[in-house]
Structures are given as C-alpha cells and as structure tokens.
Amino acid sequence: MASFLHYHSLVSAVLALIMVTAVADFQASPWSPAHATFYGDSSGVSDDMGGACGYTNMYGIGFGTRTAALSTPLFNNGLGCGGCYEIRCYGSQYCIPGAPSVVVTGTNLCPPNWAQDSNNGGWCNPPRVHFDMAMPSWLTFGRYEGGIVPVMYRRVPCQRTGGVKFMFSGNTYWLLITLLNVAGPGDVSAVSVKGDNTDWIPMSQNWGVMWQAFSNLGGQVLSFQISAGSSADTIICNNVADSYWGIGMTYQAENNFNAVPVGNSGGSYGDDGGNNGGIRICCCATNGVAHVRAV
C-alpha cells in the first residue's frame with residue numbers, strides 16, 4: 001500500500017510539472033475589418049526610427065519595413081507593442097489584384113487627429129481600428145494613388161529567430177530593459193527581475209516595450225519572468241545576464257514564446273481556437289546566454 005501511494009504521489013508530481021511547464025502555441029485570431037494607410041517614403045527608413053513603443057533602428061532589430069503604427073484601440077497604452085498582424089487589401093479598386101497579405105509588427109502609435117473627421121483624415125481617431133504602415137509594406141498590396149484602403153486583418157504568431165533579447169540601459173539602481181525579439185504573442189503585459197540576492201521584483205512599464213526596476217541589482221546574476229499580453233503564457237529565463245552585466249549591453253535567452261507558422265497568402269488557415277497558459281523555464285547561462293532546460 002505504501003509503495004502504491006509513493007508511486008501515485010510520484011506520478012501526480014510529474015503530471016503537475018508537465019502541466020506547469022507546458023506553454024501553449026499562440027493561435028491566429030479570426031479575420032476582422034479595418035483600414036490602412038502608409039507613411040514615410042519608399043525606403044521605409046527615414047520616418048520609422050523610434051516612436052511610442054521604444055524601438056529604434058527597425059533594420060537593426062530585424063523588423064525592416066514590415067511595421068505599422070497602431071490606432072489607439074490596438075496600441076492599448078503601449079501594451080499592444082510587438083504584436084504581429086497579417087493584413088490583406090480588401091474590396092477596393094486600389095487593391096492590387098492577387099497580391100498576398102503582409103505580416104507587420106506594431107511598433108508605434110498612430111495618434112488621433114480630432115481636427116479631422118474620422119472618415120476624412122482622422123483615420124486613427126478612436127474607436128477606429130487602423131494601421132498606418134511603412135510605405136514598402138503597404139505598397140505590396142495597395143496602389144500608391146489610393147492612399148487608404150479597406151483591409152482584413154488578424155493577429156498572428158510573431159515568427160522570431162532565437163530567444164528573447166534584453167537590451168540594458170539605466171544604471172545599477174535603475175535597471176531599464178528594452179524587450180526585443182519576442183515571439184508568439186509578441187506583446188508583453190508584465191515583467192519581473194530577480195537577482196541572485198533578491199526575490200522576484202515586479203518591473204513597471206516605462207513606455208512601450210521598455211520596463212524598469214528601481215532596485216540595486218549591480219553585481220548580481222539576473223533572471224527574468226515575462227508574461228504575454230494576449231495569451232496566458234509566461235516564460236522564465238534564469239541567469240540571463242551574469243554578475244558583470246553592463247549598461248548598453250544586450251543579452252539573449254535561448255527560449256521564447258511558442259509560435260506556429262500560419263502562412264502568408266491572404267487565405268484561411270487552420271483553427272482559430274484559444275490558448276491555455278503555462279510556464280516555461282530556462283536555465284544554465286553561459287556568457288550571458290540562457291539555455292532551455294528539458295522537462
């Protein structure tokens with residue numbers, strides 16, 4: 001009897017561990033109507049460096065011209081930064097026939113223009129859902145002379161290579177990180193940091209994808225916990241930065257949120273079901289890079 005109880009307890013513990021460490025795949029959402037305009041020039045560079053999300057140098061961080069400024073409902077006070085959207089031109093004479101859809105990342109805010117009517121210049125006035133896209137992305141499906149087109153859009157998993165990146169700024173007593181290369185949901189709702197001499201410290205959103213902690217973390221190995229904004233998933237990256245971490249450095253973990261490719265052709269892809277949340281843990285850093293622990 002005792003051996004059975006021991007076996008039952010062991011099995012239950014293993015099952016509980018599996019449930020805790022399983023991270024759901026972020027699923028594409030249903031298609032919804034919106035509108036899209038473009039900004040900048042044909043290079044897609046000059047007017048797309050920096051902005052309300054805190055990103056800089058879109059080419060340097062891997063986004064290129066596949067970016068868009070989001071209207072207020074999508075921007076969500078900066079919590080929508082980093083989310084990925086598949087967009088296709090729909091129902092306009094200015095749509096390029098047969099053009100594929102394009103996937104963009106939300107990297108900026110398209111602010112309201114209350115001096116203009118929402119249907120005549122005030123394209124980003126709430127509650128409108130609107131994408132102001134870098135010109136090269138918009139021109140993949142729309143004709144320049146159109147200026148604005150109706151579109152269908154949906155949230156899709158962000159496809160990234162490698163793990164989440166943490167760009168450090170601030171100082172020893174004020175750690176400010178910029179989150180880059182976030183896969184799956186792409187957006188972030190909560191971040192915590194832990195030194196090897198501290199408990200978990202909740203970080204506050206400074207702006208966009210920048211999070212801060214007011215604590216003396218100098219000389220400590222740092223770990224991070226990140227919660228997605230549009231799913232229930234959380235990842236924990238242990239020992240991401242060693243005790244010699246420095247301002248201006250970028251550290252990368254090897255784990256990331258799950259992302260299942262859904263294609264990019266403007267068609268309908270698979271199941272648009274929901275998500276079940278969980279926690280994934282990575283550990284064992286080498287030179288500031290965390291490695292995934294098998295569970």
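This report covers the aromatic pairs, the charges over rings and the disulfides of a predicted model.

## Basis

Residues are numbered from 1 along each chain as its sequence is written, and side-chain values use heavy atoms, with hydrogens and water left out. In this predicted model, local features need pLDDT of at least 70 and side-chain atom pairs count only at pLDDT 80 or more, while totals for chains, interfaces and linings use all residues.

## Aromatic pairs

A pair of aromatic rings is described by the distance of the centres and the angle of the planes. Here, rings of Phe, Tyr and Trp (its six-membered ring) pair if their centres lie within 6.5 Å; planes under 30 degrees apart count as stacked, over 60 as edge-to-face and the rest as tilted. The whole structure holds twelve aromatic pairs. Helices (H or I, at least four residues) and strands (E, at least two) are DSSP runs, numbered from the N terminus.

F168 and W245 are both buried. Buried means under 20% relative accessible area, exposed over 50%, and partly exposed in between, for a 1.4 Å probe and protein chains only. F168 also pairs with Y251: the ring centres are 4.8 Å apart and the planes stand at 55°, so this pair is tilted. It links F168 in strand 7 with Y251 in strand 14, distant parts of the chain that are 83 residues apart. Y251 is buried, as is F168. Through ring pairs, F168, W245 and Y251 join F166 and F224 in a cluster.

## Charges over rings

A charge sits over a ring if NZ of Lys or CZ of Arg is within 6 Å of the ring centre and within 35 degrees of the ring normal. The charged end of R88 sits over the ring of W31, 4.2 Å from the ring centre. R155 has its charged end over the ring of Y85, at 5.4 Å from the centre.

## Disulfides

A disulfide is a pair of cysteine sulfur atoms within 2.5 Å. The search of the whole structure finds four of them. With the bonded cysteines of the chain numbered in sequence order, the pairing runs 1-2, 3-8, 4-5, 6-7.

C53 lies in the loop between strand 1 (32–39) and strand 2 (67–70), and C81 in the loop between helix 2 (72–75) and strand 3 (84–89), 28 residues apart. Both cysteines, C53 and C81, are buried.

## Further cysteines

C84 is joined to C158 at an S to S distance of 2.1 Å. The torsion about this S-S bond is about 115°, so the disulfide is right-handed. C84 is in strand 3 and C158 in the loop between strand 6 (148–156) and strand 7, so the pair ties together parts that are 74 residues apart in sequence. C84 and C158 are both buried.

Another disulfide, between C89 and C95, has an S to S distance of 2.0 Å. Its torsion is about -80°, so this link is left-handed. C89 is buried, and so is C95. C237 also counts as buried, at 1% relative accessibility.
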